[in-house]
Amino acid sequence: MATQGQSELDHDVYEVRRRVEALANDMRSLGMDLRISAEEYGPERDSDGTVTRTVTFNFKIGQQD
């Protein structure tokens, strides 16, 4: 069972992923050859008790000659 803090964190991570995908779609609509990948780590608890999660996004932009 997720705590309230984890639920909020899950929602925030979902929102970040949604916005990054929207950005990627906007870039593709401009004709860019774009690939995106994401890696997620955590959750981790910092020394002050804050629960964090790390999400790393990689963008690969290509151009054919």
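Is Phe 59 buried, partly exposed or exposed? Phe 59 is partly exposed, because its relative accessible area is 39% (buried is under 20%, exposed over 50%, partly exposed in between, with a 1.4 Å probe and protein chains only). Keep in mind that this is a predicted model, where local features need pLDDT of at least 70, side-chain atom pairs count only at pLDDT 80 or more, and totals for chains, interfaces and linings use all residues. Residues are numbered from 1 along each chain as its sequence is written, and side-chain values use heavy atoms, with hydrogens and water left out.

**Overall layout**

- The protein has one helix and two strands, in the order α-β-β from the N terminus (DSSP runs numbered from the N terminus: H or I of at least four residues for helices, E of at least two for strands).
- Of the 65 residues in the protein, 12% are buried.
- Take the contacts (heavy atoms within 4.5 Å) between residues at least 6 apart in sequence: 36% of them join residues at least 24 apart.
- The accessible surface is about 5300 Å², and carbon and sulfur atoms account for 48% of that (Shrake-Rupley method, 1.4 Å probe; for residues, only the protein chains shown count as cover).

**Around Leu 34**

- Leu 34 sits in strand β1, residues 33-45, and it counts as buried because its relative accessibility is 5%.
- Beyond its neighbours within four places in sequence, Leu 34 is in contact with Ala 24, Met 27, Arg 28, Phe 59, Lys 60 and Ile 61.
- Leu 34 and Lys 60 are 26 residues apart along the chain, yet their C-alpha atoms are separated by 5.7 Å.

**Phe 59 and the nonpolar patch**

- Phe 59, one of the contacts of Leu 34, belongs to strand β2, residues 51-62.
- Together with Leu 23, Leu 30, Met 32 and Ile 61, Phe 59 makes a nonpolar surface patch of about 500 Å².
- Patch members have over 30% relative accessible area and no salt bridge, with like charges joined within 9 Å and nonpolar side chains (Val, Leu, Ile, Met, Phe, Trp, Tyr) within 5 Å; a salt bridge is a side-chain nitrogen of Lys or Arg within 4 Å of a carboxyl oxygen of Asp or Glu.

**Arg 53 and its partners**

- Arg 53 is in strand β2, and its side chain makes a polar contact with that of Asp 10 at 2.6 Å.
- The Arg 53 side chain also has a polar contact of 3.3 Å with the side chain of Glu 40 (N or O atoms within 3.5 Å; within protein, one must be able to donate a hydrogen and the other to accept it, and residues adjacent in sequence count only if both atoms are side-chain atoms).
- Not counting residues up to four places away in sequence, Arg 53 touches several others, including Leu 9, Val 13, Tyr 41 and Pro 43.
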